Amino acid sequence: MVHRERLRCPVCRARFRGDITCSRCGAGLRRLMELAMQAFRLRERARSALDAGDLTSATRHIDRAQCCHATEIGSKLERLTRLLMKAN
Ligand SMILES: [Zn+2]
């Protein structure tokens, strides 16, 4: 599942609806979709790293995820990881 929050067509700012073409202006959105998918996979890797207690990897994955597509859940994962890093 791709998180679509805050994703908008870079041309006309229409809300991203998960299609590779903007329904309003026809712009190609394949790259936008790929970035959202990459961010999703990186958040999954961050969660797995957290489960394994590997805070360094978790930090790296969540930082990359937020660069690709910043989401609220990514922000929460980022804060949680930083808190755990401070506690260790
Ligand atoms: Zn558009």
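Leucine 32 lies in helix 1, where helices are DSSP runs of H or I of at least four residues, strands are runs of E of at least two, and both are numbered from the N terminus. The model is a predicted one, in which local features need pLDDT of at least 70, side-chain atom pairs count only at pLDDT 80 or more, and totals for chains, interfaces and linings use all residues. Residues are numbered from 1 along each chain as its sequence is written. Leucine 32 counts as buried because it has 20 C-beta neighbours inside 10 Å; the class requires 20 or more other C-beta atoms within 10 Å of the residue's own, while 12 or fewer make a residue exposed and values in between partly exposed, with C-beta atoms placed from the backbone. Apart from neighbours within four places in sequence, leucine 32 is in contact with Leu7 and Phe16, a contact being a pair of residues whose C-beta atoms, placed from the backbone, lie within 7 Å. The C-alpha atom of leucine 32 is separated by 9.3 Å from that of cysteine 68, which is 36 residues away along the chain.

The chain contains three helices and zero strands, giving the pattern α-α-α along the sequence. Along the principal axes, its C-alpha atoms fill a box of roughly 50 × 15 × 15 Å. Of the 88 residues in the chain, 20% are buried. Among contacts with a separation of 6 or more, 37% are between residues 24 or more positions apart.

Helix 1 and helix 2 pack with their axes 8 Å apart and at an angle of about 160 degrees. Axes are lines fitted to C-alpha atoms, for helices over the stretch in contact, and angles run from 0 to 180 degrees between N-to-C directions. Helix 1 is therefore roughly antiparallel to helix 2; angles over 145 degrees count as roughly antiparallel, under 35 as roughly parallel, 65 to 115 as roughly perpendicular and the rest as oblique. The crossing of helix 1 past helix 2 is left-handed, a term for a near helix turned anticlockwise from the far one by less than a right angle, with clockwise giving right-handed. Helix 1 contributes Leu35, Gln38, Ala39, Leu42, Arg43, Arg45, Ala46, Ala49 and Leu50 to the contact, and helix 2 contributes Ser57, Ala58, His61, Ile62, Arg64, Ala65 and Cys68. These residues divide into 10 nonpolar, three polar and three charged, where Ala, Val, Leu, Ile, Met, Phe, Trp, Tyr, Cys and Pro count as nonpolar, Asp, Glu, Lys and Arg as charged, and the others, Gly among them, as polar.

The axes of helix 2 (residues 55–68) and helix 3 (residues 72–87) cross at roughly 150 degrees and come within 10 Å. Helix 2 is thus roughly antiparallel to helix 3, and the crossing is left-handed. On the helix 2 side the contact is made by Leu55, Ala58, Thr59, Ile62, Ala65 and Gln66, and on the helix 3 side by Gly74, Leu77, Glu78, Thr81, Leu84 and Met85. By class, this contact has seven nonpolar, four polar and one charged residues. Glutamine 66 of helix 2 is partly exposed, with 18 C-beta neighbours inside 10 Å. Beyond residues up to four places away in sequence, glutamine 66 touches Gly74 and Glu78. Glutamine 66 and arginine 82, 16 residues apart in sequence, are 14 Å apart from C-alpha to C-alpha.

Helix 1 and helix 3 have axes 11 Å apart and pack at an angle of about 30 degrees. The two helices are therefore roughly parallel to each other, and helix 1 passes helix 3 in a left-handed crossing. Ala39, Arg43, Ala46 and Leu50 of helix 1 meet Ile73, Gly74, Leu77 and Thr81 of helix 3 in this contact. Five of the residues are nonpolar, two polar and one charged.

The largest nonpolar core has 12 residues: Cys9, Cys22, Leu29, Leu32, Ala36, Ala39, Leu42, Ala46, Ala58, Ile62, Ala65 and Leu77. Such a core is a set of buried Ala, Val, Leu, Ile, Met, Phe, Trp, Tyr and Cys residues joined through C-beta atoms within 7 Å. Helix 1 (30–51) and helix 2 are the elements that give two or more residues to this core, and the largest share, five residues, comes from helix 1.

Arginine 13 lies in the segment before helix 1 and is exposed, with 10 other C-beta atoms within 10 Å. Although not a glycine, arginine 13 has a positive phi of about 70 degrees. Most residues other than glycine have a negative phi.

Key:
Contact = placed C-beta atoms within 7 Å.
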